[in-house]
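This report describes a single protein chain for a reader who is new to it. The sequence and the three-dimensional structure are shown first.

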Amino acid sequence: MGLFSFPKTARLRNPAEFKKTLDNGNKAVNRHMIVFAFPRAEEPKSGPVKPMRMGLIVSRKVGNSVERNRVKRALREGFRHLQADPEVAAKAGKLDIVVIARPSTVQASSAEIVGSLRHGLGRLNR
């Protein structure tokens with residue numbers, strides 16, 4: 001896997017993880033998305049540190065399947081780049097995040113989507 005990979009260890013994969021993050025996490029809202037973040041329980045000292053994990057919710061309100069998949073690809077790409085950013089990774093290393101895309105995300109460029117994701121994480125790390 002390369003530097004900008006999105007392995008299974010970096011994803012929220014089951015409904016219980018999504019529910020825990022949505023119910024107990026902090027929320028940041030901006031024009032293109034709602035970002036929820038919840039700190040994971042302490043992990044054992046031995047072994048590698050698990051990366052920040054992300055789950056996506058992109059409903060049919062966002063658009064048709066082509067538009068929804070484009071938004072998901074842009075969000076995943078932005079997340080990969082944010083994971084590689086040492087400043088963001090240091091602050092958000094042990095977080096589970098859930099991103100809910102809003103309908104305005106369809107008209108946004110990839111750079112705007114990444115900026116909105118960075119903004120949401122920045123507000124949650126304050």
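Arg53 stands opposite Asp96 in β4. This pair belongs to a predicted model, in which local features need pLDDT of at least 70 and side-chain atom pairs count only at pLDDT 80 or more, whereas totals for chains, interfaces and linings use all residues. Residues are numbered from 1 along each chain as its sequence is written, and side-chain values use heavy atoms, with hydrogens and water left out.

Strand β3 (residues 53-57) and β4 pair in the parallel sense over five bridges; two strands count as paired if DSSP finds at least two bridges between them. Helices (H or I, at least four residues) and strands (E, at least two) are DSSP runs, numbered from the N terminus. Strand β2 (residues 33-39) pairs with β4 in the antiparallel sense, over seven bridges. In that pairing, Pro39 stands opposite Leu95, and Asp96 is the bridge partner of Phe38. Six of the seven residues of β4 (residues 95-101) are buried, that is, under 20% relative accessible area; exposed means over 50%, and partly exposed lies in between (1.4 Å probe, protein chains only).

## The sheet and the helices on it

The four strands form an open sheet in the order β1-β2-β4-β3, with mixed pairing. Its edge strands are β1 (26-29) and β3, each of which pairs on one side only. On average, neighbouring strands are turned by 20° against each other, direction ignored.

Helix α4 packs on this sheet and touches β1, β2 and β4, its direction making about 40° with that of β2. Helix α2 lies across β2, β3 and β4, running at about 165° to β3. Contact here means heavy atoms within 4.5 Å; axes are lines fitted to C-alpha atoms, for helices over the stretch in contact, and angles run from 0 to 180 degrees between N-to-C directions.

## Nonpolar cores

A nonpolar core is a set of buried Ala, Val, Leu, Ile, Met, Phe, Trp, Tyr and Cys residues joined through side-chain atoms within 4.5 Å. The largest one has 25 residues, and Phe79, Ile97 and Val99 have the most contacts inside it. Two or more residues each come from β2, α2 (65-84), β4 and α4 (110-124), with α2 giving the largest share, five residues.

Not counting residues up to four places away in sequence, Ile97 touches Leu12, Thr21, Phe36, Ala37, Arg53, Met54, Gly55, Phe79 and Leu121. A second, separate core of five residues includes Leu12, Ile34, Phe36 and Val98.

## Helix α1

In helix α1 (residues 15-24), Glu17, Phe18 and Thr21 are buried. Seen down the axis of α1, the buried residues fall within an arc of 100°, so they line one face of the helix; the arc is that of the directions from the helix axis to the C-beta atoms. What covers them includes β2, β3 and β4. The face turned away from this buried side carries the exposed residues Pro15, Ala16 and Lys19.

## Confidence

The mean pLDDT of the chain is 83, and 83% of its residues reach 70 or more; pLDDT is the predictor's confidence in each residue, from 0 to 100. Among the elements, helix α3 (residues 86-92) has the lowest mean pLDDT (65) and β1 the highest (93). Where pLDDT is low, the predicted coordinates should not be read in detail.
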